[in-house]
Amino acid sequence: MKFAIRSRGDQSSNGLKMKMKNYLQEFDLIWDEEEPDIVITVGGDGTLLYAFHRYKHRLDKTAFVGIHTGHLGFYADWLPEEAEKLVIELAKTPYQIAEYPLLETIIRHIDGGKEVVYLALNESTVKTVDGSLVIDVEIKGERFETFRGDGLCISTPSGSTAYNKALGGAIIHPSLESIQIAEMASINNRVFRTIGSPLILPKHHTCMLKPKEATDLKITIDHKTIVHKDVKSIQCRVANEKIRFARFRPFPFWKRVRDSFVAETWES
Ligand code: NAD
């Protein structure tokens, strides 16, 4: 089996990366950064987000597993002390796979040209570079509302515990193939009106966002921000691709939610 390890880059993550690399090679696993079967991340959720984007062209061939060297992560859920146990589990293959849905965002521009397609593991957000965002929201081809405010966040189920949660969105179990649209500070008064609640769309419903006028938009895809000029539309839907996580033990989603947000101490 071929493997790669991505580290956050700090001293302790780099140290653990080298230790695991040597250990896995002793078990006859092959180091291959270009075409790994498994990618181990050492750091936090951000490290796994980077690794996802590095290998998103081969999601059907690469599985991910994350070790956290800081606080418990949603994607990085192995402890550094468990690294040796993880190596032994990896060497034993085959392992179980858990698949999580992704978000596909397609950006089209007023002057035509090639559309830009992005995949997100957590979310995509839409904001203006300057001033309020004024954008028509269409769902399944029908106009739903005109949004005015700071922006919109369209998240995946596993991203629902990230930015979406801070916006008052619901936490969605990753077995539900869906996307969620959450508002950022919408303007609501006697003139302007939006739904005000987060919306959850199933796999077969597409959301189309159409800016009312040509402005520069700041679009984020997970940790990355890209400015797009003269955007005609932003199409969001559940992607056909999925991310695959290697599972070696049960760590149910709701336990992860509780341990991250509710439990007073999670490592006791
Ligand atoms: P970062 O260093 O700012 O860390 C953001 C935090 O979000 C970290 O604590 C990380 O563990 C956590 N996180 C990331 N994905 C998560 C998930 N799926 N569930 C629960 N927590 C999660 O940035 P980063 O590490 O590069 O991560 C980028 C992410 O930060 C974005 O995808 C976005 O979700 C999140 N973010 C959150 C807010 C907010 O909560 N107000 C604002 C901007 C970005």
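Biologist: Which strands do the buried residues of helix 2 pack against?
Modeller: They pack against strand 1, strand 3 (38-43), strand 4 (63-68), strand 5 (76-78) and strand 16 (231-247). Packing here rests on contact, meaning C-beta atoms, placed from the backbone, within 7 Å. Helices (H or I, at least four residues) and strands (E, at least two) are DSSP runs, numbered from the N terminus.

Biologist: What kind of model is this, and what cut-offs apply?
Modeller: This is a predicted model, where local features need pLDDT of at least 70, side-chain atom pairs count only at pLDDT 80 or more, and totals for chains, interfaces and linings use all residues. Residues are numbered from 1 along each chain as its sequence is written.

Biologist: Back to helix 2. Which of its residues are buried?
Modeller: Asp45, Thr47, Leu48, Leu49, Ala51 and Phe52. Buried means that 20 or more other C-beta atoms lie within 10 Å of the residue's own; exposed means 12 or fewer, and partly exposed is in between.

Biologist: What does UniProt say about Asp45?
Modeller: The unreviewed UniProt entry annotates Asp45 as "active site". Such annotations may be inferred rather than shown by experiment; positions are in the numbering used here, and feature names are shortened.

Biologist: Why does Asp45 count as buried?
Modeller: Because 26 other C-beta atoms lie within 10 Å of Asp45. Leaving aside neighbours within four places in sequence, Asp45 is in contact with Gly73, Phe74, Tyr75 and Ala76.

Biologist: Which residues come nearest to the ligand?
Modeller: There are 16 residues around the ligand, and Gly46, Ala162, Tyr163, Ala166 and His223 come nearest. A residue counts as near if its C-beta atom, placed from the backbone, lies within 6 Å of the molecule. Helix 2 (45-54) and helix 4 (163-166) are the elements that give two or more residues to this shell. Helix 2 gives the most, with three residues.

Biologist: What is the make-up of that shell by class?
Modeller: Five nonpolar, eight polar and three charged residues. Ala, Val, Leu, Ile, Met, Phe, Trp, Tyr, Cys and Pro count as nonpolar, Asp, Glu, Lys and Arg as charged, and the others, Gly among them, as polar.

Biologist: Which domains does the shell draw on?
Modeller: It takes at least three residues from each of domain 1 (2-95 + 248-262) and domain 2 (102-240). The domain bounds come from an automatic or database domain assignment.

Biologist: How many residues of each domain touch the other one?
Modeller: Eight residues of domain 1 are in contact with ten residues of domain 2. On the domain 1 side, helix 2 and helix 5 (253-262) are the elements that give two or more residues. Helix 2 gives the most there, with four residues. That side has five nonpolar, two polar and one charged residues.

Biologist: How far apart are the C-alpha centres of the two domains?
Modeller: They lie 30 Å apart.

Biologist: Which residues does the UniProt "binding site" annotation cover?
Modeller: In the unreviewed entry it covers Asp45, Gly46, Asn122, Glu123, Arg148, Asp150 and Ala185. They do not all gather at one spot, because they span 141 residues in sequence and the farthest two C-alpha atoms are 31.1 Å apart.

Biologist: Now the whole chain. How many helices and strands does it have?
Modeller: Five helices and 16 strands. The radius of gyration is 20 Å, close to the 18 Å that the globule rule gives for 268 residues, so the chain is as compact as a globular protein of that length. That radius is taken over C-alpha atoms, and the rule is 2.2 Å times the number of residues to the power 0.38. Buried residues make up 38% of the 268 residues.

How values were computed
Two residues are in contact if their C-beta atoms, placed from the backbone, lie within 7 Å.
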